[in-house]
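Please keep the sequence and the three-dimensional view at hand while reading.

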Amino acid sequence: RAPYTPMKVPLTAHERSARAERAMRFAAAGAPPASAAATKKRAPGQQPRRGKPAKKKRPSARAPAAHQSLVGTSGALEKEYLRVTRPLRPEEVRPEHVLRQALPFVLGKYKENRSYEYICEQLKSIRQDITVQNIQSDIAVQAYARHCTLAMKHRDRAELTQCLSGLEQLRVAQRLGPREECSLAAIRILHESVECDLPVSVSLRLFAHRAASSKLVQSAFHLASLFRTRQLFAFLRARSQSLKLLQELTTPAAHRFRVSALLVLSKSHRGALRRSDLRRWLRCSDRELQVALDAARESLARDPVT
């Protein structure tokens, strides 16, 4: 291979002037001029060193975030979720003691108006304030867990995924107590088996094994088994006898089962059925029965053969 020969620049008057200006700039900055290293004498026959290009330093993944030192100053109990791409200002963020008042306040209003759009917006705003201030106390666990339950109840998979991810990060950071870990295990069990209609994964079984003695986790596994085997009336009966959290988590599945049961009963019973019998068989209130009857009528109207 032919030896390397550096390219020579013609030493014209313009080149001499440019080199002199560069030397003056380097001298003013306190750094040696580049020409000093370039004009260093080499031994006869010695080739110039060709080093590897310097690697660009990647930003460290553990570098502290810019928002970790932010402490909010807002005192609003209700606040819209801010869809911004810039760092939030302190007056736009609520501190932890205000968030502790805001969470029960917005949940109380949700009990009155039953608007998921309202409570989803407010809980997202609370989670945003928690995130930008890097809060990992019990208020963060409560906000994520409550939003997770409501998102599963209203089949909001996008928010449910984000809340499960947030709870998992808090679990890894050892911010969850035994009770919260049992709730997280139950939510994940029912999410995988009931909402996603998938068998419970091995990793989730290993995680839930630590809380296997919990009544909540045992009931969640039992409901998941009944759902997977499509034991309709057994599922509704077990759900009605389970804890309130499990009833909220399985609300969409119970509604689908009731509609399916009403479609089956409409074929097998030619005579009229009393509402009291339907409520007893389907384990529901009069309002839930009416919602299921309306859905069954719509299904029959779309497809009379069903």
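Which residues gather in a patch of positive charge on the surface? In this predicted model, the patch is formed by K111, R114, K244 and R287. One of them, K244, is placed in helix α11, which covers residues 244-249. K244 is exposed, its relative accessible area being 64%.

**Salt bridges**

- The whole structure contains 20 salt bridges.
- R86 pairs with E92 in a salt bridge whose closest N and O atoms are 2.9 Å apart. R86 is partly exposed at 35% relative accessibility, whereas E92 is buried at 14%.
- A network of salt bridges links R86 and E92 with R89 and E91.
- Within helix α6 (residues 157-172), R171 and E168 lie three residues apart, about one turn of the helix. These residues, R171 and E168, form a salt bridge with 2.5 Å between the closest N and O atoms. R171 is partly exposed, with 21% relative accessibility, and E168 is partly exposed, with 23%.
- D277 and R274 form a salt bridge, with the closest N and O atoms 3.2 Å apart. D277 is buried, at 14% relative accessible area, while R274 is exposed, at 57%.

**Cysteines**

- The count of disulfides is zero.
- For C148, the closest cysteine sulfur is that of C163, and the 5.5 Å between the two sulfurs is too far for a bond, since a disulfide requires sulfur atoms within 2.5 Å.
- C148 is buried, with 0% relative accessible area. C182 is also buried, with a value of 13%.

Notes: Residues numbered from 1 in each chain as written. Predicted model: local features only at pLDDT ≥ 70, side-chain atom pairs only at ≥ 80, totals over all residues. Heavy atoms only, no water. Buried < 20%, exposed > 50% of the residue type's maximum accessible area, 1.4 Å probe, protein only. Patch = residues over 30% accessible without salt bridge, like charges linked within 9 Å, V, L, I, M, F, W, Y side chains within 5 Å. Areas by Shrake-Rupley, 256 points an atom, 1.4 Å probe, with all protein chains shown as cover. Salt bridge = Lys/Arg side-chain N within 4 Å of Asp/Glu carboxyl O. Lys, Arg positive; Asp, Glu negative; His and termini not counted. Charge placed at Lys NZ, Arg CZ, Asp CG, Glu CD. Helix = DSSP H or I, 4+ residues; strand = E, 2+ residues; numbered from the N terminus.
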